[in-house]
Amino acid sequence: MVTAVYDRDPRKIGEVVAVTGGQHTVRDIGQIERDVSREKPDIAVVTVPGEDAQPLVDRLVRAGVRAILNFAPVVLTVPDGVNVRKVDLGQELQILAYHE
């Protein structure tokens, strides 16, 4: 279940979006450490441009996240004890297209 949605774009912050499990108000990415320490999520899903992924993951790990699903087009470096799964949408689409 999705419990929070973040963005850095001031035009999107405060917008209500529908996601699996209901609707959420987009939060400012600047408060992510505070929220993670309060809400203690089990998993973070990273869907940012490649150049933004590692700095964000570093912040998430420092805040206590230990499982990350990565949609960014980069390989992430994390310390022992943190699990990362990378999803390559391009590759997944190619596989689906092949089977069609």
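# Exercises on a predicted model

Of the 100 residues in the protein, 22% are buried (under 20% relative accessible area, with exposed meaning over 50% and partly exposed in between; 1.4 Å probe, protein chains only). The model is predicted, so local features need pLDDT of at least 70 and side-chain atom pairs count only at pLDDT 80 or more, while totals for chains, interfaces and linings use all residues. Residues are numbered from 1 along each chain as its sequence is written, and side-chain values use heavy atoms, with hydrogens and water left out.

## Exercise 1: the elements

State how many helices and strands the protein has, and in which order they run.

Solution. Step one is the count: the protein has three helices and six strands. Step two is the order, which from the N terminus on reads β-β-β-α-β-α-β-β-α.

## Exercise 2: Asp 35

Solution. Last, look at Arg 27: its side chain and that of Asp 35 are joined by a polar contact of 2.9 Å. A polar contact is a pair of N or O atoms within 3.5 Å; within protein, one must be able to donate a hydrogen and the other to accept it, and residues adjacent in sequence count only if both atoms are side-chain atoms.

## Exercise 3: Asp 9

Locate Asp 9 and give its C-alpha distance to Val 65.

Solution. Asp 9 sits in the loop between β1 (5-7) and β2 (16-19). With 16% relative accessibility, Asp 9 counts as buried. Asp 9 and Val 65 are 56 residues apart in sequence, and their C-alpha atoms are 23 Å apart in space.

## Exercise 4: helix α3

Why does helix α3 lie largely in the open, and which atoms meet at its start?

Solution. Helix α3 spans residues 89-99, and zero of its eleven residues are buried, so the helix lies largely in the open. At its start, a side-chain oxygen of Asp 88 comes within 3.0 Å of the backbone nitrogen of Gly 90.

Technical notes
Helix = DSSP H or I, 4+ residues; strand = E, 2+ residues; numbered from the N terminus.
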